[in-house]
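Student: Please walk me through how to read this model. I would like the general idea of each feature before the case itself.

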Amino acid sequence: KGEKSVISRLAANNPKVLDAYVTFTVETPLLSERQRHELNPLIIRINSATCLPNTPVPIEVLQQLCVPTYCKYKFHNFPPHRTHGQIHGTHVYFKDVNVLLTGTMKPGELQRYLRGPPLEIEVHDRDRNMENNTKEPCLFGEDEADENVGKVSFLASKSAICNSFTKNKVWHPHGVAKVSLTDLLLGKKCLTISAPIHNCSAPNTAAFSEEDKNENITELVSSSSLLPMGHYLESDSLLKVRVEIAVPLQMHAEIADAQVTNCLYGCIIYIFDYNNSSLLHDLVEEITEINAKALQLDCYPVHLIGMALAALKLKTTLEKVSELDIVTGFHLLDGATHLVVLEGLKDKAIKKLWDKHFERSCRHEDGQLEILYNSQLAFHQRLYTDLEAIFYHFRLCKPLFTITEQPLLYVRGMVPWACFQALSRLSYLCRSKRLRDVIHGDLLPSAEMITALSHQYGVPLTDEDLFVQKPPLLSVSSDDYTVPGKVSRVKQAVYSSLDNYNEMCVPKNRFTYCHEYLSATFDPVDVVAACKESFAKSKSMWLSPDGFVFPGFKSSIESNLHPRMPDEARLEELNEKWQENALHANMEPVLSRDRWRWDKRHIDFDLYKKPP
């Protein structure tokens, strides 16, 4: 961190040594100027935690039952860091310093991490000292916790309590402070942050890894052994952190990140009204066209392409997904809103979608339309390759805002954890205005969350949800009234793409359409023969009718002559000295431009009224 001297004090009491101080001093800095630029150390200082709660458990009780107060966090892929324990109190001073060599990270990886969710620092001020927590075995009814059996509150927290103690793993209630480091992307070298401390989330058994599930539970924890959560928000608890970086990041770090070779993907989000069927049709058609072209399916009929894309899974079918210019994502519809989240190659498919629909975002006649896109944000991997289809469609049984307003949704254990996370993130996502806020708030649900949401609240799609054909445009005419028993041309154009009164429709062309049933027509054409004929016609155009034509030999001087080069006379004329007004030297202005005397100044405005 640049200091040449460090002083430390004896932490534990010793009967032989009352107190001790140790000082380490170096003559020169440990890192040279070149090493500072290459390694670019990031220093995170946790100074203090102020206004820690004294309720519901007093500080004196915490000193007796709990281990000293400490903080713990994990920065990206670096090892977890834990501060030294300090004596309990309302104001705890850590003075902890952690140095991270960010120069060892991959190019652009630090920028992506800083743009993501904030750094979470855990404040552990009520961890039980388990060495002194020895319980003697007892019969049912002798323990205080036996009275809670059968209560709703006990059953609701049973999953969290029974899985709190596993082998080499203990969970205790604690506080969490979220520290945002995005200002480092603006070129700042030092940040002084006072982050509020709030309650942590109880652990979820469904989120445990397979290793945790296979571990033997050494001891079940009763509700009385866990201390209650502290009142951090009511006490206005704050964690004071100082962050320094040796070499400031560039002001255009996002642009540099987007140019990194391993950041190939981009993201675009569409949020629009449920009745905007024209935009939905165009999106589905363009995504199908892009995916069919990338997978070499564009030579097949449209219905076969749709069936093939619906049954294709990237993870199990394709090996080199990163090289394919395909669009993946999901489409959520709930009867009130369409939410489309798409990902793909940022310079190809995603940019093509943005260029086509950029003008739509400025219109207001189609109702609500929000397009969240940022060309400078790039990602190194896809999120939705594990869904049931490349472009996954699912419908909710009720509108999203109606589901999130139900109180029972927020009772722990009522819905699966992944489903609740999907509802919560999508609810905030629909109210976001910038893609950068979506990434910073970690609002994009994972593929597992989307699958859990579709299984929990999904209903089968209907024919009206996805338009296979583009909705026709109604035309208003003065000839709408017709005699009963006859059909006007205007009404006929609404239900059919074929006009019987049009001379361009020759008998050899075949049309089929029915607005009530699915229908199809097969053209009696030999596809193989047609392809051979088309290839032969294309090959015949490689040569002219007279064969290969050689234009003749040209020297280097003749080849470099410009076809519109001026002739020699014009070149001599251009080399002459320019004379201003050479062609009109003998002409004088029609009106006089002289000044008037002061006594005739009233005639000045009538100067150009009539010629002299």
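The dialogue below goes from the whole chain to single residues.

Tutor: This is a predicted model, in which local features need pLDDT of at least 70, side-chain atom pairs count only at pLDDT 80 or more, and totals for chains, interfaces and linings use all residues. Residues are numbered from 1 along each chain as its sequence is written, and side-chain values use heavy atoms, with hydrogens and water left out.

Student: How many helices and strands are in the chain?

Tutor: Helices (H or I, at least four residues) and strands (E, at least two) are DSSP runs, numbered from the N terminus. The chain has 19 helices and 18 strands.

Student: What share of the residues counts as buried?

Tutor: Buried means under 20% relative accessible area, exposed over 50%, and partly exposed in between, with a 1.4 Å probe and protein chains only. Here 33% of the 612 residues count as buried.

Student: What do the contacts in the chain join?

Tutor: A contact means heavy atoms within 4.5 Å. Of the contacts between residues at least 6 apart in sequence, 75% join residues at least 24 apart.

Student: Which residues does the cis peptide bond join?

Tutor: Threonine 55 and proline 56, with omega about 0°. Proline 56 sits in the loop between β3 (41-50) and α2 (59-65).

Student: Where is asparagine 40 found, and is it buried or exposed?

Tutor: Asparagine 40 is in the loop between α1 (33-39) and β3. Its relative accessibility is 9%, so asparagine 40 counts as buried. Although not a glycine, asparagine 40 has a positive phi of about 45°.

Student: What is the phi of histidine 76?

Tutor: Histidine 76, not a glycine either, has a positive phi of about 55°. Its place is the loop between β4 (70-73) and β5 (81-82).
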